[in-house]
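Me: Let's take this one by question and answer. Please show the sequence and structure first.

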Amino acid sequence: MPKQDTVTIIDNATGKKAEFPVIRGSEGPPVVDIGRFYRELGYFTFDPGFVSTASCRSNITFIDGDAGVLLYRGYPIEQLAEKSNFLDVSHLLLYGELPDSKQHDQFSSIIRHHTMINESLKGFYDGFYHDAHPMAILVGVVGSLSAFYHDSTDIHNPEHREIAAHRLIAKMPTIAAASYKHSIGEPFVYPRNDQSYCGNLLQMMFSIPSERYEVDPIAERALDMIFIIHADHEQNASTSTVRLAGSSGANPFACISSGITALWGPAHGGANEAVLQMLAEIGDVKNIPRYLEKAKDRNDPFRLMGFGHRVYKNYDPRAKIIRKMCHEVLNKLGDANDPYLELAMRLEEIALKEDYFIERRLYPNVDFYSGIIYRALGIPSNMFTVMFAIARTVGWVAQWMEMIAEPDQRIGRPRQIYTGASRRDYPDR
Ligand code: SDX
């Protein structure tokens, strides 16, 4: 255990005091272990939104929100985005190390050979109207996978855990592409083992039986980089949901389905779709001041989507990478003058000069620019959060595996401040 010291809490009402151990990780602020707080002092602690609360130990991802730093197993996100690829980063997140060439080939082959889904799963899609949101389909189909894989739901069996992780990473693009095909009434396209992870996703989404389809290497590389920077992000809302669901012993497919549900919210992964809707609503640079006033007005529910972050009080390093990618990808794809990119950049420029945003340290986050690239790749906005879910699946399963393997793992069960009616008897009627 790292060096421990203590923090003493004195209850001024009773004079009672108690010492609590301080735990220091390898990076980041020290943590006071308050596990015995109620037993020692008779109080619960209160931290709605978990602003100052660490829920677990983890070796996977580190964020320094003030410095705008993001590390996956110690590697800076900027270096991984530039030098690595999504499957190698997936290996890094799952196993703690980047794969050597033999491990790369083995892992790629394993993932490639798990990309197909049970044929009877295709019947699930017929139950959805064509206008069903693809995230609704993803939640349902992923949650149902445990009905097909009885051989990988014993969470106490490390082999089962690993097979389930591989299946989820491999099948998410197939399930997602099928939800897109369903929404446009086109036939599903099977995965192909001669394609890369992202190449497969593109061909399953955009190829049609009546024509040859060539994966555009620019789109393939852009998607691979975007997936790298979305792969994990320590204890965000959806990952915390996966951990909490997993803490009850639920099977991994159900846990990941719960993560997809949490990610969908516009305050979280749903923001990338909401940014495009916001830009469409703003419409023109001349309207930006009016919308910034709305964003600053506490009585107005309008928020600047893609701005602000619970942890980053500096520029989200992922937003910097995507912002740079926007120019490169759009230039290569011939959309250099995309009106949305122009509007987004002017919006960022103007907002970052406003005291309201400066005082609250609100900067663009990962969702602010990602939709612009997805749009340039021909991906519709209702699929943006699905893209996020595909990439984040490896982070969710890595965090889930880490939690299950924790020796002192126990069910998560927060308490509350009860403010309702005290005991009262049922009235004589
Ligand atoms: C993701 O947690 C993660 O790591 C998530 C994520 C990941 O990779 O998993 O990074 C992915 O979810 C990114 C965030 C995507 N969401 C959005 O872009 C939605 C817009 N952003 C906000 O809703 C908000 O910034 C949150 C939800 C992201 C963060 O909420 P917090 O930490 O609870 O911040 P807050 O609401 O306490 O804001 C502090 C102040 C408030 O003003 P005051 O009460 O102090 O006057 O900043 C204001 C807020 O009103 N504020 C905003 C704002 N974000 C915060 N005002 C206008 N527009 C915004 N976007």
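Me: Which residue in S6 stands opposite Leu71?
Reply: This is a predicted model: local features need pLDDT of at least 70, side-chain atom pairs count only at pLDDT 80 or more, and totals for chains, interfaces and linings use all residues. Numbering starts from 1 along each chain as its sequence is written, and side-chain values use heavy atoms, without hydrogens and water. S5 and S6 run antiparallel, joined by two bridges. In S6, Leu71 faces Pro76.

Me: Which residue in the turn between S5 and S6 has a positive phi?
Reply: These two strands (DSSP E runs of at least two residues) form a hairpin. Two residues sit between them. The one with a positive phi, about 50 degrees, is Arg73.

Me: In what order do the three strands of the open sheet lie?
Reply: Strands pair here if DSSP finds at least two bridges between them. S4 (61-64) and S6 (75-76) are the edge strands, each pairing on one side only. The pairing is antiparallel, and the order is S4-S5-S6.

Me: What is the bridge partner of Asp64 in S5?
Reply: S4 and S5 (residues 69-72) pair over four bridges, in the antiparallel sense. Ile63 stands opposite Leu70. Asp64 has as its partner Val69.

Me: Which side chain has an N or O atom 2.6 Å from a ligand oxygen?
Reply: The ligand is surrounded by 24 residues, counted with a heavy atom within 4 Å. Polar contacts (N or O pairs within 3.5 Å) include a backbone N or O atom of Gly306 at 2.8 Å and the side chain of His268 at 2.9 Å. The 2.6 Å distance belongs to His309.

Me: What share of the ligand's exposed area does the protein bury?
Reply: Taken alone, the ligand exposes 1,100 Å², by Shrake-Rupley with a 1.4 Å probe. Its shell has ten nonpolar, seven polar and seven charged residues. The buried share is 78%.

Me: How much space lies in the largest cavity?
Reply: A cavity is a set of points on a 1 Å grid over the protein atoms alone where a 1.4 Å probe fits but cannot get out. The whole structure has one of 30 Å³ or more. Taken as the space filled by probe spheres, its volume is about 110 Å³.

Me: Which helix gives the most to the lining of the largest cavity?
Reply: Lining residues have an atom within 4 Å of a point; among them are Ile117, Lys122, Phe188 and Met204. They divide into eight nonpolar, one polar and three charged. With four residues (158-184 is its span), the top contributor is helix H7.

Terms used:
Polar contact = N/O pair within 3.5 Å; in protein donor to acceptor, adjacent residues only side chain to side chain. Nonpolar A, V, L, I, M, F, W, Y, C, P; charged D, E, K, R; others polar. 1 Å grid on protein atoms, 1.4 Å probe; cavity = no way out; pocket = protein on both sides within 12 Å on 5 of 7 lines; lining within 4 Å.
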